[in-house]
Amino acid sequence: MRLLRSLFDWGGIRNKFLITSLLIGIVPLIALASVSYLVSSRATIGRSSEIIASNLQLASAMVDAKAQYVERIARRVLINQPIRDALKTAGGGDGASSTRTSQRIAEQLKQILIGSGDIASVSLFNWNGFRCRYRGTGGVSALSAELEQFDGEEWYERTMRADGYECYFLYDVLSGGVQEGASSSYSVSMTKLLRDLDSGEPYGILIINANKSYYNSVLPSAIHEDEACYLMADRRGSRANYLNISPGAEEKMRGAIAEYLAGGDVDDCLVTSLQNQRTGWTVLHIVERAAFLSGSAAIFGVTLVALLMLIALSAGMSVVAARTITRPLTRLGRAIEEAGQGGIPGGAFGDDEVGRIGTKFVELVRRNENLNEELVQMSLLEKQAELDALQAQINPHFLYNTLSSIYWLSKFGRSDEAAEMAVTLSDIFKLALNKGRNMITVRSEERRVGKECRSRW
């Protein structure tokens, strides 16, 4: 309050009006710009989040569809009697018997995988040491690694715990050397423990590898973004992997992706995620916060420019309004100064409220001047009347005293002095009886004196 009071005490009425007008105009504009930016930012984030969530749901549904396709292949392998019989009876080693078993399995897999171009390979293991891999057109090939060598690996332990349910991994479980981070293998794996349909006893493990491109297409190309990434991530276990499913900004956002996979908060990015229940993978969208709010930043820039323009316009209009109001007040102050110095203000005032006050003030000054002149004239007339009254009182006493003096001069024999006094008294009465005038010209006096001299001589 003290600051506001000192601010409004600064300067004259013009400055106070200018500051008040600017505050009245600028404060609402700043509040409007801030509210507009916040509202637009929240609206942009809310609407974009809805679109991204819808895209993630679409991607998750496509992942479900592709996983179901792989599961149908796995079930066809599971219920295929020749494959079951071969796995139950096949032994280990690389002998002719094992080769014939692999050929029979390959013939069955060929029938099962007709039209499955996205399936990279199908691998089968049993507890007797038999293993084989079918690569479609590449035929069947032997695997160097035996099932016992995978004992202790995460994918193997999870497959055994799943007890016949499908397990999904964002890397090729048979490659063995995949590092944490982006999936460097060309395929992702689905593993399944094979159990006998009659006895329920496990007799082998099925591994189906699907090409990465099979899952890269879960998003329609129309919703790919250049400033963001759509990913499939798997943070289960000790190895965190992800698969980029859109040609977005993966290169410049790898640091943020790694931080998210490590379980940290990504402050510079907005992350939207949705977990796919079938595969356990997380479908997520990562975008830089600055790029995400670029639309709001553009709105803020336009609002800021408009705000500056409105502030400039408000300041200009406030200056004009202040001048319009303070100019008559300045003229009124100048008129008061002129009246204080004894002059009469000149010039005409406007027809507004201040102008009418100024006009009335000038009229009062002029009327006061006229009253002063009338008072002076009345004072002079009053003085003259007092002098006239005094003179009227003095004349009888003067005549009485003069005649008494002449009498006593004559009584004491001073006749010459009495005669001189009588002549002087005659002169005074001649002057007083000069047709009622107080002034007498020198020429008239000369004539009078000349006549008296001639009469005496």
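Arginine 75 is partly exposed, with 42% of relative accessible area; here buried means under 20%, exposed means over 50%, and partly exposed is whatever falls in between (1.4 Å probe, protein chains only). The model is a predicted one, where local features need pLDDT of at least 70 and side-chain atom pairs count only at pLDDT 80 or more, while totals for chains, interfaces and linings use all residues. Residues are numbered from 1 along each chain as its sequence is written, and side-chain values use heavy atoms, with hydrogens and water left out.

So who does arginine 75 pair up with? Arginine 75 forms a salt bridge with glutamate 166, and the closest N and O atoms are 3.8 Å apart. The term salt bridge stands for a side-chain nitrogen of Lys or Arg within 4 Å of a carboxyl oxygen of Asp or Glu. Arginine 75 sits in helix H2 (residues 13–79) and glutamate 166 in the loop between helix H5 (154–162) and E4, so this pair ties together parts that are 91 residues apart in sequence. Helices (H or I, at least four residues) and strands (E, at least two) are DSSP runs, numbered from the N terminus.

Across the whole structure, a search turns up 10 salt bridges. One of them joins the side chains of aspartate 163 and arginine 195, at 2.1 Å from N to O. Aspartate 163 is in the loop between H5 and E4 and arginine 195 is in strand E6, so this contact ties together parts that are 32 residues apart in sequence. Aspartate 163 is partly exposed, at 40% relative accessibility, and arginine 195 is partly exposed too, at 28%. Aspartate 163 has another feature to look at in the backbone: its phi is near 60 degrees, a positive value in a residue other than glycine.

A further salt bridge stays inside one helix. The side chains of arginine 158 and glutamate 154 meet at 3.3 Å, N to O. Both lie in helix H5, four residues apart, which is about one turn of the helix. Arginine 158 counts as buried, with 13% relative accessibility, whereas glutamate 154 is partly exposed, with a relative accessible area of 25%.

Next comes the sheet. Strands of a sheet pair through backbone hydrogen bonds, either parallel or antiparallel. In this model, six strands make an open sheet in the order E3-E2-E1-E7-E6-E4, and the pairing is antiparallel. Strand E3 (140–141) and strand E4 (167–169) stand at the edges with a single partner strand each, so one side of each has no neighbour in the sheet. Two strands pair if DSSP finds at least two bridges between them.

How many residues of E6 are buried? Eight of the nine are, so E6 is largely enclosed by the rest of the structure. The hairpin of E6 and E7 has six residues between the strands, and glycine 200 in that hairpin takes a positive phi near 80 degrees.

Finally, the surface has patches of two kinds. Patches are made of residues with over 30% relative accessible area and no salt bridge, with like charges joined within 9 Å and nonpolar side chains (Val, Leu, Ile, Met, Phe, Trp, Tyr) joined within 5 Å. Glu259, Asp265, Asp267 and Asp268 gather in a patch of negative charge. One of these, glutamate 259, has its place in helix H7 (residues 254–261) and is partly exposed, with a relative accessible area of 38%. The nonpolar patch, of about 300 Å², is made by Leu310, Leu313 and Met317. Accessible areas come from the Shrake-Rupley method with a 1.4 Å probe, and for residues only the protein chains shown count as cover. Methionine 317 is found in helix H9 (residues 294–340) and is exposed, with a relative accessible area of 55%.

Notes:
Lys and Arg count as positive and Asp and Glu as negative; His and the chain ends are not counted. The place of a charge is taken as NZ of Lys, CZ of Arg, CG of Asp or CD of Glu.
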